[in-house]
Amino acid sequence: MSEFIEQYGEWALVAGASEGIGKSFANRLAARGMNLVLLARRVEVLAQVKAELEAAHGVEVVVRAVDLTAPDLADTLADIAAQHDIGLLVYNAGAAHGAATFMSETTENLLSLVHLNCTGPILMVKQFAGPMLARKRGGIILLSSLSALSGGAYIATYAATKAFDMILAEGLWDEMRGSNVHVLGLVAGATSTPAMLKSGVVFAQGAEGQEQITPMTSDQVADEGLANLGKKPMHIAGEKNFAAAVALRSAADRVQTIQYMGTATASLFGKPYPTKD
Ligand SMILES: NC(=O)c1ccc[n+]([C@@H]2O[C@H](COP(=O)([O-])OP(=O)(O)OC[C@H]3O[C@@H](n4cnc5c(N)ncnc54)[C@H](OP(=O)(O)O)[C@@H]3O)[C@@H](O)[C@H]2O)c1
């Protein structure tokens, strides 16, 4: 048995696994010999991923159409837990699907992001961490974002929910590290995923006075996540993203930080920066 399977067991669950970073995680975990429970809303896309992974890696893949914002999510997770001993959880789904000011967004959309990025991770960890702690082995990865480091125009609620994920992961890391359950908040920067490309992003542009943004690939982000699980509470994927995070975190002037984030977001989505003084 490989060290990886010894630590994380035979079954992993990836929430939001049909494309992008989640699909890369599924691929990398299957390559390590893990059986998978894959969740997303479009089950027909998941079915293709299942066929690809089973053919390539000879593992068992179970797919399930689940909306992570649904009010019956806790029941669905209890049902999954009754069928599979999940030893590694990757909570991936969570992108904002575009950029809009807080007041122009519907309350329904804003609350849906809160359910996806806050309620969903809480329910998942509550369901699957108990058995991991009892077995004294396991792993949990929560996807966060560089936008978690500062507020900024156009993504106020998204950034706030991603800060929730990063801080939640750090607290869980501290509580669980004595029980050999590895927890990682994985902070991604701009990454070329189908969801990101559908959202109207323009990677070629760089905001005035800022470096052009070169997105990472989904595989790079997933590889860095798995390489750093069990090593630290939080990892920022990509050297350039790490440098940007250090600059954002150490800036004494919070207004400058917020305006940097707002300008970068506006530029990424081809929108005017609304509040520059
Ligand atoms: N891409 C970036 O530039 C970037 C940057 C920073 C951080 N991140 C973080 O990285 C993670 C992945 O981002 P991503 O760009 O790959 O897009 P994403 O939309 O977060 O993830 C796509 C996957 O999640 C599923 N999904 C989305 N909403 C769902 C829901 N309500 N219920 C169930 N499944 C759902 C999608 O399948 P279905 O549509 O079939 O449900 C698909 O499998 C997110 O947490 C995001 O915040 C991404």
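## Glu54 and helix H3

Helices here are DSSP runs of H or I with at least four residues, numbered from the N terminus. In this predicted model, Glu54 belongs to helix H3, which covers residues 43–57.

Glu54 has 15 other C-beta atoms within 10 Å and is therefore partly exposed. Leaving out residues up to four places away in sequence, Glu54 touches Val59 and Val61. Asn27 lies 27 residues from Glu54 along the chain, and the C-alpha atoms of the two are separated by 10.0 Å.

## Packing of H4 and H5

Two packed helices are described by the angle between their axes and the distance between the axes. For helix H4 (residues 73–83) and helix H5 (residues 107–135), the axes come within 10 Å and cross at roughly 30°. H4 is therefore roughly parallel to H5, since angles under 35 degrees count as such. The crossing of H4 and H5 is right-handed.

On the H4 side the contact consists of Leu73, Ala74, Leu77, Ala78 and Ala81, which meet Gly120, Leu123, Met124, Gln127 and Phe128 of H5. Eight residues of this contact are nonpolar and two are polar, with no charged residue.

## The largest nonpolar core

The largest nonpolar core holds 82 residues, of which Ala12, Val14, Ala26, Leu36 and Leu38 touch the most other members. H5 supplies the largest share of this core, with seven residues.

Val14 is in contact with Gly22, Phe25, Ala26, Leu36, Leu38, Val90 and Asn92, when its neighbours within four places in sequence are set aside. In soluble globular proteins, nonpolar side chains tend to be buried together.

Notes:
Residues numbered from 1 in each chain as written. Predicted model: local features only at pLDDT ≥ 70, side-chain atom pairs only at ≥ 80, totals over all residues. Axes fitted to C-alpha atoms, helices over the stretch in contact; angles between N-to-C directions. Helix = DSSP H or I, 4+ residues; strand = E, 2+ residues; numbered from the N terminus. Parallel < 35°, antiparallel > 145°, perpendicular 65-115°, else oblique. Left-handed = near helix turned anticlockwise from the far one by under 90°. Contact = placed C-beta atoms within 7 Å. Nonpolar A, V, L, I, M, F, W, Y, C, P; charged D, E, K, R; others polar. Core = buried A, V, L, I, M, F, W, Y, C linked by C-beta atoms within 7 Å. Buried ≥ 20, exposed ≤ 12 C-beta atoms within 10 Å, placed from the backbone.
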